[in-house]
Amino acid sequence: QVQLVESGGGLVQAGDSLRLSCAASGRTFSTYSLAWFRQAPGKERESVAAISWSGDRTYYADSVKGRFTISRNYFKNNVYLQMNRLKPEDTAVYYCAADSRNAAARRLRIYSYEYDYWGQGTQVTVSS
């Protein structure tokens with residue numbers, strides 16, 4: 001059974017940093033695009049960052065560009081989101097996702113409908 005499990009969320013103050021981790025199990029995700037999404041109360045889920053199966057292409061939402069960094073570890077089958085200079089507007093539940101339907105995809109997947117495996121989410125709360 002495929003599982004994605006996020007960890008690393010918490011309550012921090014504005015300006016602090018957090019590192020989210022997502023552990024994938026059940027199969028090797030080395031040829032899958034991976035991504036982080038977030039959903040704040042009353043808002044739609046939005047893409048935060050994505051990384052290609054090869055790790056050489058990344059995408060960031062404008063709101064996090066320059067502050068967040070996505071990376072992946074092929075040996076551990078993990079994906080990470082390093083979040084620096086956090087802002088109150090970053091408060092949301094953060095989800096990791098994997099696209100298993102397009103192995104070794106040429107185009108970086110950045111939309112939620114392009115991902116078929118999802119974690120349960122981890123809460124990030126940033127106080128002002």
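Which residues of the largest nonpolar core touch the most other members? Here are some notes to read alongside this predicted model.

1. Let's start with that core. It has 30 residues, and W36, L81, M83 and Y94 are the ones touching the most other members. At least two core residues come from each of β3, β4 (33–39), β5 (46–51), β7, β8 (78–83), β9 (92–99) and β11 (122–127). In soluble globular proteins, nonpolar side chains tend to be buried together.

2. Now zoom in on L81. Leaving aside residues up to four places away in sequence, L81 touches L18, R19, L20, W36, V48, A49, F68, T69, I70 and Y94. Another core lies apart from the largest one; this other core has 7 residues, including A35, A50, L108 and I110.

3. Next, look for the open sheet of 4 strands, which pair antiparallel in the order β1-β3-β8-β7. β1 (3–7) and β7 (68–73) are at the edges with a single partner strand each, so one side of each has no neighbour in the sheet. On average, neighbouring strands here are turned by 15° against each other, ignoring direction.

4. For a detail of that sheet, follow β1 to its partner. β1 and β3 (residues 18–25) run antiparallel and are joined by 5 bridges. Q3 is opposite S25 in β3.

5. Finally, two loop residues deserve a look. N77, in the loop between β7 and β8, is not a glycine but has a positive phi, near 60°. Is N77 buried or exposed? N77 counts as buried because its relative accessibility is 16%, under the 20% cut-off. A104, in the loop between β9 and β10 (117–118), is also not a glycine and has a positive phi of about 55°. At 36% relative accessibility, A104 counts as partly exposed.

Key: Residues are numbered from 1 along each chain as its sequence is written. This is a predicted model: local features need pLDDT of at least 70, side-chain atom pairs count only at pLDDT 80 or more; totals for chains, interfaces and linings use all residues. Side-chain values use heavy atoms; hydrogens and water are left out. Two strands pair if DSSP finds at least two bridges between them. Axes are lines fitted to C-alpha atoms, for helices over the stretch in contact, and angles run from 0 to 180 degrees between N-to-C directions. A nonpolar core is a set of buried Ala, Val, Leu, Ile, Met, Phe, Trp, Tyr and Cys residues joined through side-chain atoms within 4.5 Å. Buried means under 20% relative accessible area, exposed over 50%, partly exposed in between (1.4 Å probe, protein chains only). Contact means heavy atoms within 4.5 Å.
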